[in-house]
Amino acid sequence: MKLRFISLASGSDGNCFYLGTQSYGILIDAGIGIRTIKKVLRERGIALESILAVFVTHDHADHIRTVGNLSEGCNIPVYTTDTIHKGMQKSYCMTKKVSPVNRRIIQKGEETIVRDLHITPFEIPHDGSDNVGYSIWCGNINFCFITDIGHITDTVKHYVAQSHYLILEANYDEQMLANSSYPLQLQMRISGDKGHLSNREAGQFLADNYPPHLRHVWLCHLSRENNRPELAYHTVASALESIGKSIGQDVRLMALPRTSPTIIFELSEHDAHPYGGTMRTLFD
Ligand SMILES: [Zn+2]
Ligand SMILES: [Zn+2]
């Protein structure tokens, strides 16, 4: 069994990710336009009809704008916690709401099965109504998805430890945020316990809690104003090198582009180099 992953967009302008097999898949978050989602999938040979579910991490606009359209217009079920469903119902940024028939309520720590995908949501500290990350098993492959996270908890460590493939937030460079024109209150919200993770925090966390089977890390939700892809990449790369990991050999690392979609990554537990060739680093 192989898994395929695409980042359609990642950052405060909108987030959307695809994870699937050869024949079907799911979306995680849908915060970009429906036309873009359809276009990116079509260009990569993925039929919209093969999308079996949308899983939502939290109810901030950049993650949910199009969730209602996918549910109403394309009849796709939407999975998330009851609190996030309620938050989406109240949210002004969703012109279309999730139809009741497509509302699927999931619980943190409890596995939901979509064909071969075994998906467990877990608690994430952030300032949405409620916030989750996802740990997804497909055969022997684990994919762990964490965006918009204020700080690392023991629960987060527990799920990251199992990961072969990891999406982790590296939102801001601490120096850039401190020197930014953002009002102090906003700076404090971003760097606070329920805000976002900095490049340094992401790197430190991975160096201190290196998952034994980790193959690839994608850094996500990079700030447009307070980060640069190369800064995020080098900060996390240095942290990994400080514990003796060789980037491109032991683990692959990539900073996800904010507004442009990636290629399809083929993820497999067994291949030494799942997509061959030299390490690619995508900068927006
Ligand atoms: Zn966000
Ligand atoms: Zn958020």
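Guide: A crossing is right-handed if the near helix is turned clockwise from the far one by less than a right angle. This is a predicted model, and in it α8 passes α9 in a right-handed crossing.

Visitor: At what angle do the axes of helix α8 and α9 cross?
Guide: Helix α8 covers residues 199-208, and its axis crosses that of α9 at roughly 25°, the two coming within 8 Å.

Visitor: Why is α8 called roughly parallel to α9?
Guide: Angles under 35 degrees count as roughly parallel. The crossing is at roughly 25°, which makes α8 roughly parallel to α9.

Visitor: Which residues make the contact of α8 with α9?
Guide: From α8 come Asn199, Arg200, Ala202, Gly203, Gln204, Leu206 and Ala207. From α9 come Leu231, Ala232, Thr235, Val236, Ala239 and Leu240. By class, the contact has eight nonpolar, four polar and one charged residues. Gly counts as polar and Arg as charged.

Visitor: What does helix α9 lie across?
Guide: Helix α9, residues 229-242, lies across β12 and β13, and runs at about 150° to β13.

Visitor: What is the strand order of the open sheet that holds β12 and β13?
Guide: The order is β7-β8-β9-β10-β11-β12-β13, seven strands with mixed pairing. The twist averages 20° from one strand to the next.

Visitor: What makes β7 and β13 edge strands?
Guide: β7 (112-114) and β13 (252-255) each pair on one side only.

Visitor: How do you know that β11 and β12 pair?
Guide: Two strands pair if there are at least two bridges between them. Strand β11 (residues 165-169) and strand β12 (residues 216-220) have five bridges, in the parallel sense. Tyr165 stands opposite His216 in β12.

Visitor: Why is the pair of Phe5 and Phe17 called stacked?
Guide: Ring centres must lie within 6.5 Å to pair, and planes under 30 degrees apart count as stacked. Phe5 and Phe17 are 6.2 Å apart centre to centre, with 10° between the planes, so the pair is stacked. Phe5 is in strand β1 (residues 3-9) and Phe17 in strand β2 (residues 16-20), twelve residues apart. By this rule the count comes to eleven aromatic pairs.

Conventions: Residues numbered from 1 in each chain as written. Chains lettered and ligands numbered in written order. Predicted model: local features only at pLDDT ≥ 70, side-chain atom pairs only at ≥ 80, totals over all residues. Heavy atoms only, no water. Helix = DSSP H or I, 4+ residues; strand = E, 2+ residues; numbered from the N terminus. Axes fitted to C-alpha atoms, helices over the stretch in contact; angles between N-to-C directions. Contact = heavy atoms within 4.5 Å. Parallel < 35°, antiparallel > 145°, perpendicular 65-115°, else oblique. Phe/Tyr/Trp six-rings, centres within 6.5 Å; stacked < 30°, edge-to-face > 60°.
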